[in-house]
Structure formats: structure tokens, C-alpha cells
Amino acid sequence: MTPPLPMALPLTKFRVPRARRDFVRREALLQRLRRMVEQHPVTLIQAPAGSGKTTLMVQLAEACGPAARCIWVALDDNDNDAVRLLATLVQSLGPLELDWAMDPQVLVANVPGSGSEARAVLAAIVNAMCTASLDRIVWLLDDLHRITDASALGLLQALIERLPEHVSLVLGSRVEPAIGLARLRAHGELAEFDAEQLRFDSPSVVELARLRWGIEPTPQLVEATLRRTHGWAVGVNLVLASGADTPRRQRVQTCTLSSKAMFDFLAQEVLDELPPALRRFVIECAILPELSPARCDAVTGGTDSRRVLETLLQRNLFLSVVDEAELVLRFHDLFRDFLLTQLDGEPADYRRALHAKAAAVEEMPDRAIGHWLDAGQWAEAAALMASHGLGLAAAGAYPDLERWIARLPADVVDAEPRLALLRAECAWVRWDWEQVLQHAAPAADGLARQGDQAGRLRAQLLLAAALGALGHLQEREQLTEESLQLPDLPAADAAQFHLQRAWSVFSLGQSELIARHLAVVNDLVAEDPQHHAPLVAQTLNCHFGGIPGVTQAYLRFAELCDTIPKPTALPWHSTPVILGAWAALWQGRRAGVVQELERAAQIQHSFGRVRCVLLDAAHLQALLLALDGDFDAAGAIIGGLLADLESGDAAGLRRVWQRPYRSVLARLAWIALDAPTLAKQASLLAGPLRHREWPLTAAAVATVAGQAALLAGDLDAAQQQLDEAAALQQRFPAPAFYADPRIALAEVFLRRQQRGRAWETLLPVVSEIGRDGTPGRLLLEPKALVDALLATCPATAPEAELVASIQRTLDAWHQAGAGAGDTGAASCPLNPVAARLTEREREVVELVAQGLSNKLLARKLSLSPHTVKRHLANILDKLDCDTRGQAADLWRRHAVAS
């Protein structure tokens with residue numbers, strides 16, 4: 001299902017807080033910061049809460065010149081996820097009016113959901129920023145300490161690696177973020193401000209006392225304030241605020257407290273001085289992340305909150321102005337934390353009532369959901385999640401949705417099937433099929449009872465996909481057939497269920513029906529390609545490839561997709577392109593394979609990576625590498641796919657697909673006629689069909705065992721295994737995974753000097769190729785063996801001309817590969833690392849691998865620093881790396897291997 005556009009994030013996240021008129025302007029500190037930002041791509045302002053980080057960053061934002069633009073981002077706990085952080089960063093760039101290759105909201109909405117896929121979208125962000133007609137962009141990220149998720153931090157680190165030369169990143173954080181600062185320091189790319197530099201000195205204390213508190217402090221008070229607070233900005237404020245009479249000042253000077261305890265002690269002094277009504281107002285409104293008159297009126301039950309908020313500003317309470325026109329304020333974090341501890345002392349029912357009032361007027365669904373949950377009003381929270389869940393998910397809120405649903409009582413979740421559907425959608429994004437299976441079934445049942453046909457169909461599609469992926473084949477078939485019998489089934493859903501029907505017959509041994517069902521899918525897609533093709537593309541992949549009739553179905557689907565106006569790239573666009581590449585392989589069109597793979601790589605790099613498409617692309621690239629003789633690189637790719645199946649969320653997939661992908665490793669050894677490696681893979685594959693494994697696995701295991709026996713010279717064992725494999729292959733063909741056992745069986749007869757029988761065994765294969773136009777199937781067999789077998793065709797046989805045509809196609813493929821020489825490897829995007837890069841990019845990555853910084857690299861190659869940054873961004877995208885360190889390591893490992 002194509003997700004809706006993401007819901008807008010609060011605009012107040014992107015507004016520079018207004019600097020107070022009575023703040024102390026520390027010009028020397030600001031000028032030092034400006035110089036650092038101009039000279040370094042990243043500036044870190046790291047100090048404890050209340051040290052003045054945000055105030056300094058606000059001054060920097062206000063000091064931007066006419067040729068520069070400052071972009072403000074106030075990070076919060078909701079941004080602690082890679083996809084949500086990506087959505088925040090993209091939305092923050094809106095005021096720059098950049099030239100985006102695609103609508104940025106659509107860009108975020110189509111990120112499948114994982115950190116690595118979010119990082120891949122950075123290329124689009126970087127390219128857009130390069131279109132800004134500004135000398136400098138200063139991107140300020142405040143409260144970075146709220147980001148602790150490894151994937152989100154990885155996204156930020158990858159962004160830093162790709163920053164254009166005219167973009168400076170300023171980070172405000174209470175702690176040092178885990179984003180590879182050591183490397184930035186080593187290369188002179190990081191400027192740092194710490195708590196020591198932000199401390200108030202005596203002149204600053206005096207000026208603050210005059211400006212904010214209207215007093216002329218005595219030298220003794222200044223000295224005592226600095227001794228007690230060590231120049232901690234918020235502590236200085238509190239000492240001065242609570243220093244109206246001598247006894248209190250004496251208590252402040254004599255007590256020994258931690259910073260947090262001191263803050264609470266002094267904040268209590270400030271709170272106690274407020275009139276009772278005002279004190280109650282600030283405590284009740286502390287539940288609000290942002291204070292607006294409407295929100296405060298709702299929480300307090302008053303009607304004059306705007307006047308009260310103005311009064312609080314006049315009293316110099318610890319507030320910042322987020323929106324001056326509407327008077328939206330925000331408490332300082334420390335003061336809000338203190339107020340919330342005061343509220344904790346109130347009865348639970350009282351606190352819940354405040355949250356309910358806040359939820360009732362909150363316009364942002366995610367904030368309203370949080371309030372309803374804190375209010376304990378589960379039905380309201382559940383209803384809001386159900387109605388806005390897909391929009392929030394599209395904005396990257398998958399983890400938030402799962403966390404919110406987990407807070408609900410079980411009976412509330414069970415009563416709302418749309419929540420189960422949301423949980424299934426969240427799991428589907430992660431390819432966590434076990435969780436999809438757990439939640440999609442109750443979602444489908446509940447939505448059917450409610451009469452929600454669209455929701456029910458979506459749940460059943462997810463359920464069918466999960467059942468098949470996890471090996472529940474009969475259950476998937478039954479569900480698919482029941483769904484197709486539903487009256488008034490929309491064409492988009494019918495297309496997806498007919499595709500599930502194709503999967504069913506593929507898995508259950510009725511391969512002759514696959515092409516028929518795919519033809520129905522294409523007919524339905526043809527009714528409205530623009531809306532139907534993206535849905536089908538989610539679950540259509542290479543697994544059917546090489547089966548009679550499928551190649552033409554792949555090509556027709558690709559042609560239908562090409563009729564859709566596509567001004568920009570979306571993830572699903574890769575699917576028809578990769579299917580076209582596989583079709584070109586089966587037809588023996590080398591140039592077509594290379595061209596389509598390059599198109600797919602461009603889409604992936606310009607937008608992001610889709611896990612299922614990457615699997616198909618990597619699988620095909622491994623086979624191409626093997627055909628060009630680079631078996632080590634091919635094996636490394638398939639080994640990577642097997643490693644991916646070892647991840648924690650792939651347990652169900654591992655059970656079903658581990659042996660089929662291992663059979664691809666065996667196939668590489670078969671193409672190479674590498675007897676020891678093939679024997680090893682045969683032993684790893686051995687064993688009967690296991691619980692939930694697809695039946696095609698048995699055919700693959702028997703085929704590899706027979707091939708290994710053949711290469712070992714045991715013709716009797718080979719013939720026995722291959723006879724069994726050939727019988728299984730007739731029901732469960734999977735040319736994308738394992739070789740045709742009839743080829744090896746024909747070779748057994750050839751070695752026994754039974755030339756006629758060898759031709760009889762080969763003849764059905766030749767006939768199938770002739771009917772389907774797929775000579776490329778023979779490319780994935782040992783070349784010498786195929787040449788010898790084709791030569792067994794009698795000159796007078798009716799198939800002689802067909803055999804000659806097949807031989808010409810195979811020869812043309814191999815000659816094109818051999819004729820490419822050193823550049824032939826470049827035809828495969830995942831061939832040796834150097835083949836993926838331009839000559840200049842190779843020079844750049846070689847110097848990066850030698851440890852040169854960007855400045856030294858630019859000097860050595862006589863390039864501008866901006867050009868070096870652009871080359872590095874391209875290199876990271878082409879090599880599928882997140883950091884320059886990863887790219888350098890990949891380059892060094894390739895150099896050693898070469």
C-alpha cells in the first residue's frame with residue numbers, strides 16, 4: 001500500500017526562539033563562535049543543561065548575514081528514530097526553497113522504514129542543498145542529547161560525511177554525541193565549545209543583574225554567586241532571582257548541593273515568590289511542551305492565559321519565546337522538570353484530568369495521543385492512533401506507534417482491529433514476518449466484523465504474504481482463494497491477490513500456472529498502471545524468473561510501469577527495472593542486463609534502498625560476476641545475503657530461504673566446475689525437507705548433491721541423485737536459485753559415452769528454451785559442459801537450427817564479456833570496487849584511504865574543497881557506504897585482494 005504523505009511536524013520546531021531583550025550579549029563569545037562556524041563543517045556546543053547553549057545558538061542565528069541562512073531545528077524525544085529524524089531534517093529545509101529532485105514530503109513518505117534506508121536518502125538532501133543560491137547555510141540542531149538511537153546517530157554521521165562545502169552544522173548537546181567526533185577532530189573539521197567557555201564571569205554577572213533584575217550587585221554578591229554556581233548560567237539567574245533578601249542569600253551561599261539539587265532549591269525560592277494563582281498556573285501548564293494561550297486556557301480553565309503568559313515573561317521566569325505573534329512560549333527544560341516534580345505531588349486523578357484537557361485542544365496528533373495516554377483515557381488514545389496512524393507512520397513514527405500501542409491495556413487493543421493492522425504494518429516495514437503473522441490475522445477478522453472492507457483486504461494481503469514467507473503454504477493458498485471470491489473486489493486488491501495466487505502455485509508445485517496468473521495481474525495493472533503498479537511492485541520479485549512464460553510477464557509489467565509519468569524516483573520504480581534485468585539475462589541479452597542494472601542503481605542511489613529489490617539486484621549481480629569469472633566477488637555477495645538472513649528479525653525467513661540461497665553459492669561453484677567448494681556446499685545443504693521449508697528446497701538439495709557426485713567422478717551416485725532432482729524440478733522449477741539438473745544428468749550420459757541418451761536428456765531443455773526464448777538459462781551452467789552437450793545434437797535433427805541459434809547467443813554473451821577487457825567488469829555495478837567509480841573518484845578514495853583530510857586532498861589534486869565534498873558524496877553513494885572511513889576500508893580491502 002502506498003503510504004499517505006507524512007503529517008506536518010510542529011512548525012515551532014523550526015522557529016528560532018526569540019532572544020530576550022534582557023539577555024547578556026557576550027560579543028567576544030559570539031564572534032569566536034562565528035569564526036569557528038565559518039572555518040569548520042561541524043561545530044559542537046557541549047555543556048550541561050542551563051549553560052547557555054541555546055542562547056548562544058540563538059544569537060548566532062540572529063547574526064546571519066544577507067548571503068547566509070540559518071536553519072533551526074529543536075530536536076525532541078520523538079526524533080529519536082532514523083526515519084523520524086530524516087523527516088524532521090527534510091522539513092527544516094523548507095524555507096530554503098531548494099530545487100528538489102522530488103517533492104520532499106513524498107521523499108520521506110516512501111522511506112521503507114529502516115535506518116539504512118533513511119541514510120540512503122541523504123543523497124537527495126545533499127543534492128537539494130547544493131541548489132541553494134546562498135553563500136552559506138548554517139544548520140543548527142539544538143538538544144542533540146535527545147538523540148540516542150544508533151540508527152538515528154548513524155543517519156546524522158552519514159549526513160556529516162556528505163555535507164556540501166557551503167553548509168555548516170552546529171550541534172547543541174548536553175553530552176558528546178556518538179557520531180565519529182574523533183575522526184573529525186583528527187582532520188581539523190570539528191570546532192568545540194564546552195562548559196568552561198560558556199561560564200559567566202564577573203562582568204557578565206553584573207550586566208545580567210542590571211538588565212534582568214534591575215539591581216546593582218555588590219562585589220560580595222557577585223563573588224558569592226560565582227563561587228556557588230561556578231559561572232553556570234541558569235544557576236547565576238536563580239541566585240540573582242532568589243537573592244531579594246539577605247537570609248535567603250546566606251542559605252544559598254552556605255549550603256552545599258549538586259547542580260540539579262541547587263537548581264531545585266533555588267527554583268523553589270522563585271516559585272514561592274509567585275502569587276498563588278500564578279504559581280498554580282505554571283505548575284499545571286508544565287505538562288505542555290509548548291505554552292500557547294489556547295492550550296493554557298484549556299488546561300487551567302481560565303480565559304486570560306495570554307495576559308498571564310505576558311506577566312510571566314515580564315517576571316523574567318525561565319521561558320523562551322517560540323512564536324511572538326501567537327505568543328507561544330516554552331519553559332526551560334530544567335525549570336519544566338522542576339515544575340513537573342511539583343505536579344507529581346498532586347493526586348493522580350488531578351494530573352490525569354490536566355492531560356485530558358490538554359489532549360482535547362491539541363492539534364498535533366502525536367502530542368494529543370501522548371496526553372490521552374497520560375490521562376489514562378485509552379479509548380480516545382486508541383481512536384486517535386487508529387485514525388492518524390498511517391499518516392504518523394509515513395512521517396517515520398513507526399517506533400512511536402508501537403510504543404504507544406504497548407501502553408494500552410490489552411482489552412482496548414483487542415477491541416480496535418485498526419491497531420492490529422498498524423502493528424502489522426510496522427512489522428512489515430521491518431520484514432518481521434512473525435510479527436506480521438501475529439497481528440494481521442486478528443486485524444483481518446476484526447475489520448471484517450466492522451465492515452471495513454478496505455482495511456480487511458489490506459490485512460489479508462499482509463497475512464497472505466506473511467504466511468507464504470514463513471512457509472504456511474496451504475494456509476496462504478486458502479486465504480488467497482477466499483479473498484479472490486469476495487464480491488466487488490477492487491482491481492488493485494485483485495491484482496495483489498492474483499500475485500499471491502502465483503506465489504501459491506509456485507510454492508506448491510503448479511509452475512505451469514504461474515505465467516497465467518501473472519498475465520491476469522498485468523491485465524489488472526493495465527486498467528490503472530499509475531495506482532496499481534506500485535502496489536504489485538511490493539511483492540513481485542525475481543523468484544519466478546526463467547520459468548516458462550514468466551520472462552514475457554516480467555517484460556510486460558516493466559512496459560506498463562514505463563507508461564507511468566515518473567518525473568522523480570520512488571522506491572518501487574526499481575522493481576520493474578530489476579525484473580527487466582532478470583528478463584534480459586534469461587533472454588541472453590548482456591547489454592540489456594547491464595543497462596537495466598545501472599538504471600536500478602541510479603534509482604536506489606537517488607532515493608534509497610529497498611530491501612527486497614536489493615536482494616534481487618545482488619542475486620543477479622553475483623551471477624553476472626560468476627559469468628565473468630570473478631567467483632570470489634560473487635560468493636561474497638551471496639554470503640552477504642545469507643548473513644542478512646541471520647539478523648534477529650529474519651528468523652522465519654531464515655528457516656524458509658537459507659538453503660535456497662545457499663544453493664546459489666553451490667551454483668557458483670558448479671559454473672566454475674569447482675569440485676571441492678561444490679562438495680562443501682552439498683554437505684551444508686544435505687538433509688530432508690524441514691518444517692515450513694518450501695518444496696523447491698528438496699529439488700535444489702538433490703541437484704547440488706548430484707552435481708557434486710558428478711564432479712567427484714561418482715557417476716552412479718550422480719545419476720541417482722540427478723534422476724530424483726529432475727523429477728522434483730519438473731514440479732518445483734526455480735532457475736533463479738538452482739541449476740537445471742537435466743544438464744548435469746545429460747553430462748553423466750556423455751561421460752558414459754552414451755551420446756544419444758545425452759541428447760535425449762537435453763532435448764526437453766532445448767525445446768523449452770525455444771518455446772520461451774530463454775537461452776540465458778544455459779549461461780548459468782558450466783560453459784565447456786554446455787558446449788559439449790549442444791554438440792550432441794544430430795545435424796539432421798529438427799532442432800539443429802534452434803541449437804545453432806542458442807549457441808550463437810551464448811557465444812555472443814561470452815565474447816562481449818571477454819572483449820570488454822579491463823572495462824568489462826564495469827558492466828556489473830557490484831564488480832570490483834574501482835569499476836563503480838570514475839577515474840577522479842578513484843583518485844579521491846585512494847587518498848582518503850591513505851588518511852588525507854579533505855583540505856590536504858583538495859590541495860594535492862588541485863580541487864576546491866567543495867568539489868572534494870561532492871566527489872566524496874558520490875563515492876559514498878556508489879559504494880553504499882555511510883562514512884568515508886567505511887569507503888576507505890572497502891578500498892583498502894579491495895586493493896589487498898587484487
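The legends below describe an overview and close-up views of a predicted model.

**Figure 1. Overview of the protein chain in the predicted model**. The secondary structure consists of 47 helices and seven strands. Of the 898 residues in the chain, 58% are buried. Contacts between residues at least 6 apart in sequence join residues at least 24 apart in 71% of cases. The accessible surface of the chain is about 34,700 Å², and carbon and sulfur atoms account for 52% of this surface.

**Figure 2. The largest nonpolar core**. This core has 147 residues, and Trp433, Phe544 and Leu585 have the most contacts inside it. Helix H36 (residues 651-672) supplies the largest share of the core, eleven residues. In soluble globular proteins, nonpolar side chains tend to be buried together.

**Figure 3. Surroundings of Leu585**. Apart from neighbours within four places in sequence, Leu585 is in contact with Val593, Leu620, Leu623, Leu624 and Leu627, and also with Gly776, Leu779, Leu780 and Trp813. Leu585 is one of the residues with the most contacts inside the largest nonpolar core.

**Figure 4. The second core and Ala124**. A separate nonpolar core of 46 residues includes Leu75, Ala124, Leu159 and Leu190. Ala124 is also one of the buried residues of helix H6.

**Figure 5. Helix H6 (residues 122-129)**. Seven of the eight residues of H6 are buried, so this helix is largely enclosed by the rest of the structure. The buried residues are Leu122, Ala123, Ala124, Ile125, Val126, Ala128 and Met129.

**Figure 6. Packing of helices H31 and H32**. H31 spans residues 550-562 and H32 spans residues 574-587; the two pack at an angle of about 145°, with their axes 9 Å apart. Their crossing is left-handed. On the H31 side, the contact is made by Thr551, Gln552, Tyr554, Leu555, Phe557, Ala558 and Cys561. These meet Pro576, Leu579, Ala583, Trp586 and Gln587 in H32. The residues of this contact comprise nine nonpolar, three polar and no charged.

**Figure 7. Thr43 in strand S1**. Strand S1 covers residues 42-46 and contains Thr43. The relative accessible area of Thr43 is 0%, so Thr43 counts as buried, the cut-off being under 20%. With neighbours within four places in sequence left aside, Thr43 is in contact with Leu33, Met36 and Val37, with Leu169, Val170 and Leu171, and with Ala191.

Definitions and conventions
Residues are numbered from 1 along each chain as its sequence is written. This is a predicted model: local features need pLDDT of at least 70, side-chain atom pairs count only at pLDDT 80 or more; totals for chains, interfaces and linings use all residues. Side-chain values use heavy atoms; hydrogens and water are left out. Axes are lines fitted to C-alpha atoms, for helices over the stretch in contact, and angles run from 0 to 180 degrees between N-to-C directions. Helices (H or I, at least four residues) and strands (E, at least two) are DSSP runs, numbered from the N terminus. A crossing is left-handed if the near helix is turned anticlockwise from the far one by less than a right angle, and right-handed if clockwise. Contact means heavy atoms within 4.5 Å. Ala, Val, Leu, Ile, Met, Phe, Trp, Tyr, Cys and Pro count as nonpolar, Asp, Glu, Lys and Arg as charged, and the others, Gly among them, as polar. Buried means under 20% relative accessible area, exposed over 50%, partly exposed in between (1.4 Å probe, protein chains only). Accessible areas come from the Shrake-Rupley method with a 1.4 Å probe; for residues, only the protein chains shown count as cover. A nonpolar core is a set of buried Ala, Val, Leu, Ile, Met, Phe, Trp, Tyr and Cys residues joined through side-chain atoms within 4.5 Å.
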